[in-house]
Amino acid sequence: MNNSMQILFRFRIPITFCSIALTLCFTSCNSSDRLSGEGASFPKDFYEELFDHYYDLTGARIEYGGQGSGAGITSLKNKVVDFAGSDAYLSDEELKSMPAEVIHIPTCMGAVVLGYNLKGVKTLQLTGKIIADIYLGNIVKWNDKAIAELNPTENLPNTKIIPIRRSDGSGTTFVFSDYLTKVSPQWKETLGRGKSLKWPNGIGLAAKGNANVAATLEQTNGAIAYIGSEYSFSRNIPSATIANANGEFIAPSLESISKAAKGDIPSDTRTMITNSTAKGSYPISCFTWMLIYKEQNYQGRKRDKAVNTVKLMRWILSDEAQSLAETVDFAPLPWGVRQKALHQLEKITYGGLPI
């Protein structure tokens, strides 16, 4: 599906939440009640599944353009959408630059994987330092000593490594660079973390969106690419096992991704869980969020639209909605994280009054 197109999705509603009953009554939906969002391509498949299910339950519709987290945040800043999708939370500085207070609602968990296209190589182990050195241009051949020592049973070729990166502002890049900032001092000093980076001159190939990165990888022998885990899982793209903070080489899986969320999560859920110290955790795991304004009375929005926005967010945090995550290769949110997100939704107002 072309990421440059806005895609009309549909969705579902109600469900019970462990011991919390969420009664989500939606009135019939006409065109003025439709919600719109823009943002991360990373969770697109999950959102498509959610919105289909939600439509069947409620008849409510949503338009979502998965053109990248950067595009979504810009659209929210310009107040032309009801919510933005982002794989990167807004920093304190970014929050101050927004025209009004923003609430973060996590929707599921995923990961960034290192997919590779290397004929004859069945398994590949990497460390964070090696990954950083590849994208910094320090390691340029697949049979480099550092890689060969980690993979003694593989016949690594004397082939040039072709790193593939995102060309657009991307939450996937933010997660990837956040991890490398934690494991590589040189990366931290030179590229740092961000949705867009100043890549070394001439480094690899660039593509817009996770889908195009995955397609470029599949067409390029000798390539390596950082992509959303769901693309690797659904397209059976070989991906590296990566050493975590405990020195364990962990393959990306729904189980190893979920383990990364163990530990303290702040009340506003704005945190990165890369390089987790949890045993068995995959080291480049992450949350993905929907961002909405705390005060929902803006740009002439009707109160009904604000109410529908909050109802959608509550439903996404429900047992039923979260159970859909694994069907499209995402990990559901832990109960504790969902509780924190529900408390955030209690802050939402319309005209200064709680919704």
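# Reading strands, loops and cysteines in a predicted model

Reply: In this predicted model, strand 6 sends Phe83 and Gly85 to one side and Ala84 and Ser86 to the other, and all of them are buried. The general idea is that side chains in a regular strand alternate between the two faces of the sheet.

Me: Which strands pair with strand 6, and in which sense, parallel or antiparallel?

Reply: Strands of a sheet pair through backbone hydrogen bonds, in either a parallel or an antiparallel sense. Here strand 4 (residues 35–39) is parallel to strand 6, over three bridges. Strand 14 runs antiparallel to strand 6, also joined by three bridges.

Me: Which side chain of opposite charge is nearest to aspartate 87, and how far away?

Reply: Arginine 166 is the nearest, 6.2 Å away. A salt bridge would need a side-chain nitrogen of Lys or Arg within 4 Å of a carboxyl oxygen, so aspartate 87 is buried yet has none.

Me: What polar contact does the side chain of aspartate 87 make instead?

Reply: The side chain of threonine 288 is the partner, at 2.5 Å. Leaving out residues up to four places away in sequence, the residues that aspartate 87 touches include Ala40, Phe42, Ser69, Gly171, Phe287 and Trp289.

Me: How many disulfides are there, and why?

Reply: A disulfide is a covalent bond between the sulfur atoms of two cysteines. The count here is zero. The cut-off is 2.5 Å between sulfur atoms. For cysteine 108 the closest cysteine sulfur is that of cysteine 286, 8.2 Å away, which is too far for a bond. Cysteine 286 likewise has cysteine 108 as its closest, at 8.2 Å. Cysteine 108 is buried at 0% relative accessibility, and cysteine 286 is buried at 2%.

Me: Which residues other than glycine have a positive phi?

Reply: Most residues other than glycine have a negative phi. Asparagine 236 has a positive phi of about 55°, and asparagine 275 has a positive phi near 55°. Asparagine 236 sits in the loop from helix 9 (229–235) to strand 12 (241–243) and is exposed, with a relative accessible area of 65%. Asparagine 275 belongs to the loop between helix 10 (254–259) and strand 14 (285–293).

Me: Where is proline 266, and what does proline 266 touch?

Reply: Proline 266 also lies in the loop between helix 10 and strand 14. Its relative accessibility is 29%, so proline 266 counts as partly exposed. Setting aside residues up to four places away in sequence, proline 266 touches Thr271 and Lys340. Lysine 340 is 74 residues from proline 266 in sequence, but the two C-alpha atoms are 8.2 Å apart in space.

Me: What is the order of the open sheet of three strands, and which strands stand at the edges?

Reply: The order is 8-12-13, with mixed pairing. Strand 8 (125–126) and strand 13 (249–250) are the edges; each has a single partner strand, so one side of each has no neighbour in the sheet. Strand 12 pairs with strand 13 in the antiparallel sense, over two bridges. Alanine 243 stands opposite phenylalanine 249 of strand 13.

Definitions and conventions:
Residues are numbered from 1 along each chain as its sequence is written. This is a predicted model: local features need pLDDT of at least 70, side-chain atom pairs count only at pLDDT 80 or more; totals for chains, interfaces and linings use all residues. Side-chain values use heavy atoms; hydrogens and water are left out. Buried means under 20% relative accessible area, exposed over 50%, partly exposed in between (1.4 Å probe, protein chains only). Lys and Arg count as positive and Asp and Glu as negative; His and the chain ends are not counted. A polar contact is a pair of N or O atoms within 3.5 Å; within protein, one must be able to donate a hydrogen and the other to accept it, and residues adjacent in sequence count only if both atoms are side-chain atoms. Contact means heavy atoms within 4.5 Å. Helices (H or I, at least four residues) and strands (E, at least two) are DSSP runs, numbered from the N terminus. Two strands pair if DSSP finds at least two bridges between them.
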